[in-house]
Amino acid sequence: MVLACPGANILLPRPCFPSYDAHALSNNLEVRYFDLISEKGWEVDIEGVEALADENTVAMVVINPGNPCGSVYTHQHLKKIAETARKLGILVVADEVYHHLSFGTNPFVPMGVFGSIVPVITLGSISKRWLVPGWRLGWLVTSDPNGILQKSKIVECIMGRLNLTSGPPTFIQGAVPQILEKTGEDFFSKVIDILREAAHICYDRIMEIPCITCPNKPEGSMFVMVKLNPSLLEDIIDDMDFCQKLAKEDSVIVLPDAAYCLPCFVFHNPNGVVGQNAFIVGGFRSWKKVGGKDCYFQRHIGKDPNSAHRVAEQMYKDLMNQSQNLQRVVDHFTTEQIANNRLQLKATIFIVRYLAFQAIAFRGNDESFSSLNGGNFLESLGIVTFWNEKVDEIIEKSPTNATYTTPRIQKEILHVFLAKVKKTIREEIGDAKFCIMVDEARDESMKEQMAMVFRYVDAEGFVKERFFGLIHVVDIAALTLKKGIYSLT
Ligand SMILES: Cc1ncc(COP(=O)(O)O)c(C=O)c1O
């Protein structure tokens with residue numbers, strides 16, 4: 001937020017702790033990725049950094065010990081990073097939330113020791129070393145003996161922003177002094193021992209698995225970075241398939257390397273985001289196209305305030321807005337209102353069932369309020385309300401958009417019956433043999449129609465003939481009728 005002036009960009013490692021991308025993108029800060037080189041212990045590709053930076057680059061992020069690669073950088077490499085940043089005129093954001101959690105050959109060196117070469121803002125967190133994940137309590141330390149950050153007012157700006165955020169709750173803050181003062185050395189050494197052993201076991205076991213390679217044994221943090229070769233796996237199509245089967249067979253959840261856009265997925269507009277369907281179907285995987293001026297994420301979002309993504313995003317926000325949530329509005333009713341509502345709906349269901357069973361038409365010629373004969377449905381409802389004062393009173397008071405009497409509601413209820421009857425017929429037939437009788441005829445309006453009846457022997461041994469449905473067909477060719485039969489079953 002502090003660094004996001006218009007047109008600015010920030011350099012992030014690839015692979016990276018994903019929060020950085022998300023925060024930068026949501027603050028319109030352009031992201032450019034420099035590679036971490038697996039063959040060199042996940043060191044920063046210094047040449048890549050130099051090639052990426054320009055006059056609008058404000059900072060680079062260095063995560064050490066590394067998430068997600070488990071790397072710990074040497075003094076020499078960190079110095080090189082500092083010198084490169086100085087050459088490029090950018091500051092270093094040193095994410096050291098895994099400080100103290102190193103257990104390999106390289107001792108941990110804080111980036112701040114190079115503060116005289118380049119200004120460094122270091123991030124620390126209580127969540128890792130003290131094992132209190134989710135407490136969201138951390139600190140920023142500046143290493144800036146030359147006063148560059150002070151002069152550029154970055155520190156002032158950070159202080160201003162800190163006052164805006166909703167920090168951790170008071171009781172968590174209250175616990176911090178005790179935690180910092182009273183946690184014994186044995187706790188820390190135990191944590192390190194566990195991490196070292198876990199890294200050791202992970203690495204050794206991984207080495208035994210032919211389809212997974214691990215370029216570097218973890219030396220710090222809590223992660224191990226591996227590469228999967230799905231072509232060596234039987235019965236696995238791709239990484240998505242791998243993740244799904246791993247979850248199903250071994251209850252291990254890993255995320256496939258694919259990005260989706262939730263708002264666009266939920267409010268998919270087929271005409272909206274041309275060529276960007278990857279974010280909705282199949283998943284986006286072209287990670288090389290993320291970041292930089294032509295970032296695919298930014299392209300998906302679109303510059304137009306009314307772009308398909310932004311429209312979907314707004315609709316999604318409305319959906320998540322709890323005060324407008326349908327459930328909340330429904331929950332808002334009293335039990336008496338709910339009971340009344342049910343009674344009113346029951347009256348409609350009762351009439352629909354009666355008319356359907358007697359094969360009587362529902363609608364009348366004139367269903368207006370002043371009509372003397374509103375058709376069978378409305379007239380039947382009139383009888384119910386005439387003899388049942390309670391129903392009459394409820395219908396009288398109900399809002400006009402909730403009377404449950406419109407033809408659409410009648411049809412929907414009829415369809416519920418239809419689905420239930422069809423289900424019962426299907427269950428009655430089960431796996432037994434049955435025959436289909438199709439009667440093809442024209443209706444009054446000269447449209448071809450076909451009625452379908454099933455004949456079968458039910459569980460008690462009786463022969464039954466059950467009408468299953470009626471559909472209009474454009475012609476009576478065998479193929480059309482076959483399609484019609486499929487559409488009904
Ligand atoms: C590299 C890195 N930076 C920052 C954080 C955020 O730490 P916190 O738990 O204090 O929010 C994490 C958390 O996993 C992390 O892995």
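The structure is a predicted model, in which local features need pLDDT of at least 70 and side-chain atom pairs count only at pLDDT 80 or more, while totals for chains, interfaces and linings use all residues. Residues are numbered from 1 along each chain as its sequence is written.

The protein contains 18 helices and 12 strands, where helices (H or I, at least four residues) and strands (E, at least two) are DSSP runs numbered from the N terminus. Four domains are given by the domain assignment, namely domain 1 (9-182), domain 2 (262-327), domain 3 (333-413) and domain 4 (430-488), and such bounds come from an automatic or database domain assignment. The centres of domain 1 and domain 3, taken over C-alpha atoms, are separated by 67 Å. The C-alpha trace spans about 95 × 55 × 50 Å along its principal axes, and the radius of gyration is 34 Å, whereas a compact globule of 489 residues would have a value near 23 Å. This radius is taken over C-alpha atoms, and the globule rule is 2.2 Å times the number of residues to the power 0.38.

Of the 489 residues, 22% count as buried; a residue is buried if 20 or more other C-beta atoms, placed from the backbone, lie within 10 Å of its own, exposed if 12 or fewer do, and partly exposed in between. A nonpolar core is a set of buried Ala, Val, Leu, Ile, Met, Phe, Trp, Tyr and Cys residues joined through C-beta atoms within 7 Å. The largest such core has 40 residues, and those with the most contacts inside it are Ile10, Leu11, Ala59, Met60, Val61, Val62 and Val92. Among the elements that give two or more residues to this core are strand 1 (9-14), helix 2 (46-52), strand 4 (57-63) and helix 3 (75-88), and the largest share, 6 residues, comes from strand 4. Apart from this core lies another, of 8 residues, including Cys261, Cys264, Phe279 and Phe284.

Two residues are in contact if their C-beta atoms, placed from the backbone, lie within 7 Å. Not counting residues up to four places away in sequence, Val61 touches Ile10, Leu11, Leu12, Pro13, Tyr20, Val93 and Asp95. Among contacts in the protein between residues at least 6 apart in sequence, 55% join residues at least 24 apart.

The ligand is surrounded by Phe17, Ile63, Asn67, Asp95, Val97, Ser125, Ser127, Pro133, Arg136 and Gly138, a residue being near a molecule if its C-beta atom, placed from the backbone, lies within 6 Å of it. This shell divides into 4 nonpolar, 4 polar and 2 charged residues, where Ala, Val, Leu, Ile, Met, Phe, Trp, Tyr, Cys and Pro count as nonpolar, Asp, Glu, Lys and Arg as charged, and the others, Gly among them, as polar.

Asn67 is also joined to Pro68 by a cis peptide bond, with omega about 15°, and the peptide bond from Asn64 to Pro65 is cis, with omega near -10°.

Positive phi values occur in Ser251, at about 55° although it is not a glycine, and in Met446, near 70°. Ser251 is found in the loop between helix 9 (239-250) and helix 10 (262-266), and counts as exposed because it has 7 C-beta neighbours inside 10 Å.
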